[in-house]
Amino acid sequence: LNYLIAGGLHPVGFHVLNIILHAVISVLMIDVFAILIGGLDYDEKGWTLNHAPKTSLLAAIFFAAHPVHTESVAGVVGRADLLCALFFQLSFLTYCKAFNNGSDRDDRFSVRWVVVSLVLCAAAMLCKEQGITVLGVNAAFDVLLICNVNVYELGHRLLFRKNPPDLGEIVQMGLLKRLGLMSLGGLLMLYARWRIMGTGPPAFTEVDNPASFEENVFTRIVNYNYYYSLNAWLLLCPWWLCFDWSMGCVPLIKSATDWRVVWLLLLWCVLIGLISQALCSPDIQRRRTLTLGLVLLVVPFLPACNIFFRVGFVVAERVLYLSSAGYCLLLAYSLGHCCYRWIKYKKLTCIMLLALLCMYVVRCALRSHQWRSEQSLFSSALSVCPLNAKVHYNVGKNLADRGNTSAAVKYYREAVRLHPNYVHAMNNLGNILKEKNELIEAEQLLSKAVAVQPDFAAAWMNLGIVQNSLRKFEAAEQSYWNAIHYRKKYPDCYYNLGRL
């Protein structure tokens, strides 16, 4: 549809639609935040009443302007995240609609709207697997807001077997039936996704997610938690943004004396503080809002946390698109609470609020400008992830494509130094050295590349060309045949073999 509207593969049309989608999602966030903060209530016409207009609007503005969203909005491939978020919101809002007055009702809720919510959840999951987490948000919303269950009190009673809770009223409200419907729908979606994937998980390499390949369980846990703290820092201070965080960008923590352990300890201190307030606060509304805010922050992030299965990245800004909504909700609610409690500092709080929004807007503008070209995007990553071999490789490739091979050699060499088995960097560097007639080093690099990855057909062909220039004709012939073995339809290689 976008292709037809844009009149072909013209980038402007795709970027404009991405911006429109982000705007629509940001507006819908007002309704989502209003329900999570002020509760679910409808007027006589069936429209949702907003009992927290200022806080929900502020949270939605934070969401609209947050710089961590630049990757999802400025990158055309981010369409998956945007559509997932849109269907995620619609699934939640239609689930809320199930508790409005309607004809098709069963035990104080509409089965029809619950089914529609499940269909929208499936649509969100088809856009991106993260979409299925809306079921967790819907369930938490149902338990905490519709059934008004005090989780802390319920857990305390069940644990100490004192005054066991009367579950009859909850059953009467249809909670178990709704949870059963969502569980069944979720299992069917997971089964369908499992079949689509070919009944097996995708394969990732160690450079994509090095912590997940660590044999020591303690090292894995520590590094996973450090990754969580990095994601939290991107939400708190989104100044260091990078298109890729793999390949040594985040060195592994291998010792308890590593100073970076402080960050994960700080993260858990803050989380424990928020959870204690969410469970034990005497204020019912604060307890409910903080709990739902934490649910919206944590639950959409679960597929990216490495707990249930291995993921193919260390840190990815795109996976924070939905989770940032929970952060924006908590931030806006906290600022509103500060204004209410410390009325004499209200002006100071407003100034800080405006300063924060201005910082977000400026950072968004700068980051969007960096996404305008490959050169600016790749170069911007050098200061954020100087240890990332892929960053140096991409900068070098961009320079080589523009004809600046001398500068490209420096970046390719750095990529190979940082990651000695980086076959693509070795292949491209070998190609440039071949053109510069530095044949001995080119042969060494290309030989190593095919030793590391024997099915790398392009490297085999380039190795054959170098060996041919060195008058190693038999070796060159064998290299060409190896390239053809791994890539049957390889006209360039047949041509070079015919010349030989």
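**Exercise 1.** Determine the handedness with which helix 17 and helix 18 cross, and describe their contact.

*Solution.* Step 1: the crossing of helix 17 and helix 18 is left-handed, a term used if the near helix is turned anticlockwise from the far one by less than a right angle, with right-handed used if clockwise. Helices (H or I, at least four residues) and strands (E, at least two) are DSSP runs, numbered from the N terminus.

Step 1: the contact, meaning heavy atoms within 4.5 Å, involves A389, H392, Y393, V395, G396, K397, L399 and A400 on helix 17. On helix 18 it is made by A407, A408, Y411, Y412, E414, A415 and L418.

Step 2: sorted by class, this contact of helix 17 with helix 18 has 11 nonpolar, 2 polar and 2 charged residues. Ala, Val, Leu, Ile, Met, Phe, Trp, Tyr, Cys and Pro count as nonpolar, Asp, Glu, Lys and Arg as charged, and the others, Gly among them, as polar.

Step 3: the axes of helix 17 (residues 389-401) and helix 18 (residues 405-418) come within 8 Å and cross at roughly 160 degrees. Helix 17 is therefore roughly antiparallel to helix 18. Axes are lines fitted to C-alpha atoms, for helices over the stretch in contact, and angles run from 0 to 180 degrees between N-to-C directions. Angles under 35 degrees count as roughly parallel, over 145 as roughly antiparallel, 65 to 115 as roughly perpendicular and the rest as oblique.

The model is predicted: local features need pLDDT of at least 70, side-chain atom pairs count only at pLDDT 80 or more, and totals for chains, interfaces and linings use all residues. Residues are numbered from 1 along each chain as its sequence is written, and side-chain values use heavy atoms, with hydrogens and water left out.

**Exercise 2.** Classify the packing of helix 15 against helix 16.

*Solution.* Step 1: helix 15 (residues 346-370) and helix 16 (residues 374-384) have axes 7 Å apart and pack at an angle of about 120 degrees. Helix 15 is therefore oblique to helix 16.

Step 1: R367, H369 and Q370 of helix 15 meet S376, L377 and S380 of helix 16. By class, the contact of helix 15 with helix 16 has 1 nonpolar, 4 polar and 1 charged residues.

**Exercise 3.** Which residues does the UniProt annotation "repeat: TPR" cover, and how much helix do these spans hold?

*Solution.* Step 1: the unreviewed UniProt entry places the annotation on residues 389-422 and 423-456; positions are given in the numbering used here, feature names are shortened, and annotations may be inferred rather than shown by experiment.

Step 1: residues 389-422 are 79% helix and 0% strand, with end C-alpha atoms 8 Å apart. Residues 423-456 are likewise 79% helix and 0% strand, and their end C-alpha atoms lie 8 Å apart.

**Exercise 4.** Locate M247 and N306, and state whether each is buried or exposed.

*Solution.* Step 1: M247 lies in the loop between helix 11 (217-236) and helix 12 (261-280). Although M247 is not a glycine, its phi is positive, at about 50 degrees.

Step 1: M247 is buried, with a relative accessible area of 13%. Buried means under 20% relative accessible area, exposed over 50%, and partly exposed in between (1.4 Å probe, protein chains only).

Step 2: N306 is in the loop between helix 13 (284-298) and helix 14 (320-341). N306, also not a glycine, has a positive phi of about 70 degrees, and at 9% relative accessibility N306 counts as buried.
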